[in-house]
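Dear colleague,

Please find below the structure that I am handing over to you. My notes on what was found in it follow directly after.

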Amino acid sequence: MEQHLDKVLKEIVQQPDTIGCLITNRQGLCLGAKGKINLNMSGIGMAISEQACKLEPNQNPPTIVLYSGNKYVQSIE
């Protein structure tokens with residue numbers, strides 16, 4: 001499983017303008033991260049994911065993309 005997560009993280013971080021990626025479980029614990037991202041943000045990412053599930057109930061789990069200027073960070077539950 002770790003190899004699969006690592007592969008997904010590498011693929012996401014290699015996307016243009018992506019500076020980091022964070023994958024959490026449903027409790028908000030960090031399962032993996034790559035790039036410039038604070039591992040302590042996993043709980044906040046999970047809270048955002050829970051709210052996104054309410055907006056898009058058919059997209060469970062959602063992919064969260066945070067934009068900042070000309071770069072963005074993805075968080076996948």
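S42 is buried in this predicted model, at 8% relative accessibility; here buried means under 20% relative accessible area, exposed over 50%, and partly exposed in between, with a 1.4 Å probe and protein chains only. The residue belongs to helix α2, which covers residues 42-55. Helices (H or I, at least four residues) and strands (E, at least two) are taken as DSSP runs and numbered from the N terminus. A polar atom of the S42 side chain lies 2.7 Å from the backbone oxygen of G28. Leaving aside residues up to four places away in sequence, S42 touches L22, T24, G28, L29 and C30, where contact means heavy atoms within 4.5 Å.

Residues are numbered from 1 along each chain as its sequence is written, and side-chain values use heavy atoms, with hydrogens and water left out. Because the model is predicted, local features need pLDDT of at least 70 and side-chain atom pairs count only at pLDDT 80 or more, whereas totals for chains, interfaces and linings use all residues.

Helix α2

Helix α2 has 14 residues, and the distance from its first C-alpha to its last is 20 Å, close to the 20 Å expected at 1.5 Å a residue; the expected span is 1.5 Å times one less than the number of residues. Its buried residues are S42, G45, M46, S49, A52 and C53. These cover an arc of only 120 degrees around the axis, and therefore lie on the same side of α2; the arc is that of the directions from the helix axis to the C-beta atoms. On the other side of α2, K54 and L55 are exposed.

Helix α1

Which residues of α1 are buried? They are L5, L9 and I12. Their arc around the axis is only 65 degrees, so they are on the same side of α1. Q3, H4 and K7 are exposed on the other side of α1. V8 is also located in helix α1 and is partly exposed, with a relative accessible area of 22%. V8 and G32 are 24 residues apart in sequence, and their C-alpha atoms are 9.8 Å apart in space.

Salt bridges

How many salt bridges does the model contain? The count comes to three, a salt bridge being a side-chain nitrogen of Lys or Arg within 4 Å of a carboxyl oxygen of Asp or Glu.

The side chains of K10 and D6 form one of them, at 3.4 Å from N to O. K10 and D6 are four residues apart in helix α1 (residues 2-13), so about one helical turn separates them. K10 is partly exposed, with a relative accessible area of 42%, and D6 is partly exposed at 27% relative accessibility.

D6 also forms a salt bridge with K34, with the closest N and O atoms 3.0 Å apart. This pair links distant parts of the chain, since D6 is in helix α1 and K34 is in strand β2 (residues 30-35), 28 residues apart. K34 counts as partly exposed, at 27% relative accessibility.

E11 forms a salt bridge with K7, the closest N and O atoms being 4.0 Å apart. Both residues lie in helix α1, with E11 and K7 four residues apart, about one turn of the helix. E11 is partly exposed, with a relative accessible area of 41%, whereas K7 is exposed at 51% relative accessibility. Through shared partners, salt bridges join D6, K10 and K34 into one network.

Cysteines

A disulfide is a covalent bond between the sulfur atoms of two cysteines. With a disulfide taken as a pair of cysteine sulfur atoms within 2.5 Å, the count comes to zero. C21 is buried, with a relative accessible area of 0%, while C30 is partly exposed at 32% relative accessibility.

With kind regards

Conventions
Polar contact = N/O pair within 3.5 Å; in protein donor to acceptor, adjacent residues only side chain to side chain.
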